[in-house]
Amino acid sequence: VLDRSFDTKEAAFSMKKRVGILTSGGDCPGLNATLRGVAKALYQRLGEDHVEIIGISNGYSGLINGDWRVMQPSEFSGILTVGGTILGTKRTPFKLMRVVGEDHIDKVEAMKKNYAEMKLDCLLCLGGNGTHKTANLLSEEGLNIIGLPKTIDNDIFGTDVTFGFHSAMEIATEAIDRVHTTAGSHSRCMVVELMGNKAGWLTLYAGIAGGADIILIPELPYSIENVCAAIEKRAAQGKRFSILAVAEGVYDVKEARMKKKERMAKRAEQGYTTATNRIAKEIEELTGIETRICVPGHMQRGGSPSPYDRVLATQFGSYAAKMVEDCNYGITVAMKNNHVGENKLKDIAGKSRLVPEGHGMLEVARRMGISVG
Ligand code: F6P
């Protein structure tokens with residue numbers, strides 16, 4: 001009698017879809033909720049016996065180094081409300097992907113080799129702009145890739161919103177709310193430095209939600225004279241304090257003409273480490289009003305996702321699961337005019353969505369008398 005158990009196991013194995021998943025870049029609320037959305041929808045639709053989810057640790061670093069494990073369905077339970085990522089994450093810069101370093105590892109070849117070794121049908125990459133560039137590179141190299149747009153910066157091209165943004169907005173808004181009392185009690189200016197090196201969405205939205213008097217974003221170089229004029233106008237109206245919501249990546253109109261390196265060197269020479277240091281100092285010098293800086297920093301990326309982000313993560317995750325079912329690869333999930341859909345990775349990779357001059361929300365700010373510098 002022939003022992004067919006091996007054949008049967010092999011056949012069962014080959015019938016299982018093997019779906020790799022990783023989280024890459026800066027963490028944010030909603031990553032776990034998205035992992036859960038993908039997993040639960042896959043198990044629900046295909047059946048737990050027909051899909052195996054392979055969790056890759058620490059983003060592309062785990063894919064390069066073969067750091068992965070088969071996940072159990074139970075691992076995706078109880079994580080809807082949990083911040084961070086159960087897979088771990090890391091920044092592995094796209095520009096270094098083709099560079100062979102001292103470890104002599106050809107990263108792209110290593111990723112392809114590990115993808116093959118894991119016998120993946122496809123790989124889901126949750127991340128921001130950098131993650132999507134590498135996702136596109138892997139797709140061009142022939143791997144079956146699906147992206148999912150994550151970032152508190154909300155700057156991924158082709159999607160109206162990314163998961164993480166709304167949660168961060170709530171935290172940033174609370175920071176602005178809370179400095180109001182000290183600003184009022186001490187008749188001070190408070191400069192709240194919010195995350196966003198290139199994109200000002202978080203600062204613009206949290207600034208409006210928190211009732212900031214001045215909102216400065218990287219897309220609109222400011223003039224300190226305009227900022228001080230806005231503060232003095234308020235003082236003349238008897239308003240003894242002003243709140244500024246400032247994105248970490250802002251620069252003034254003079255700096256706008258400089259290259260990044262030159263700008264940083266100039267700031268260092270003047271003794272400023274950050275834009276907000278300089279803005280606070282200049283406000284004190286030019287207006288005589290005592291000024292303090294508040295930096296919520298990584299708090300903006302921490303904690304439980306907001307209900308909006310939980311819903312969005314579940315919408316995006318379950319949509320990605322459908323893309324797996326349909327074998328629709330080389331794409332990333334997106335929200336377009338309130339509908340979940342997808343974009344081709346090649347159409348969005350390497351582009352960012354910044355706040356355009358004339359954007360409706362900038363107009364709202366201006367109409368409300370908020371100075372944008
Ligand atoms: O891209 C998200 C982001 O939070 C930016 O807003 C911020 O500038 C950056 O990441 C901070 O990165 P890190 O956690 O590596 O300091």
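Guide: We'll take the basis of the model, then your topics in turn.

Guide: This is a predicted model: local features need pLDDT of at least 70, side-chain atom pairs count only at pLDDT 80 or more, and totals for chains, interfaces and linings use all residues. Residues are numbered from 1 along each chain as its sequence is written, and side-chain values use heavy atoms, with hydrogens and water left out.

Visitor: How many residues are in the largest nonpolar core?

Guide: 63 residues. A nonpolar core here is a set of buried Ala, Val, Leu, Ile, Met, Phe, Trp, Tyr and Cys residues joined through side-chain atoms within 4.5 Å. Buried means under 20% relative accessible area, exposed over 50%, and partly exposed in between (1.4 Å probe, protein chains only). Ile-53, Leu-124, Ile-146 and Leu-148 have the most contacts inside this core.

Visitor: Which helix gives the most to this core?

Guide: Helix 6, residues 165–186, with eight residues. Helices (H or I, at least four residues) and strands (E, at least two) are DSSP runs, numbered from the N terminus.

Visitor: What is Leu-124 in contact with?

Guide: Setting aside neighbours within four places in sequence, its contacts include Val-19, Ile-21, Val-38, Ile-146, Leu-148 and Val-324. Contact means heavy atoms within 4.5 Å.

Visitor: On to the sheet. What is the strand order?

Guide: It is 3-2-1-4-5-10-11, an open sheet of seven strands with mixed pairing. Two strands pair if DSSP finds at least two bridges between them. Strand 3 (68–70) and strand 11 (339–344) are at the edges; each has a single partner strand, so one side of each is left without a neighbour in the sheet.

Visitor: Do strands 5 and 10 pair in the parallel or antiparallel sense?

Guide: Parallel, over two bridges, between residues 145–149 and residues 331–336. Ile-146 has Ile-331 as its bridge partner in strand 10.

Visitor: Now charges. How many salt bridges?

Guide: 22. A salt bridge is a side-chain nitrogen of Lys or Arg within 4 Å of a carboxyl oxygen of Asp or Glu. In one of them, Lys-113 joins Glu-117, with the closest N and O atoms 3.9 Å apart.

Visitor: Where do those two sit?

Guide: In helix 4 (residues 107–117), four residues apart, so about one helical turn separates Lys-113 and Glu-117.

Visitor: And what does Glu-357 bridge to?

Guide: Arg-366, with the closest N and O atoms 3.0 Å apart. Glu-357 is exposed at 53% relative accessibility, while Arg-366 is partly exposed at 33%.

Visitor: Which residues are linked in a network of salt bridges?

Guide: Asp-252, Glu-255, Arg-267, Arg-278 and Glu-282.
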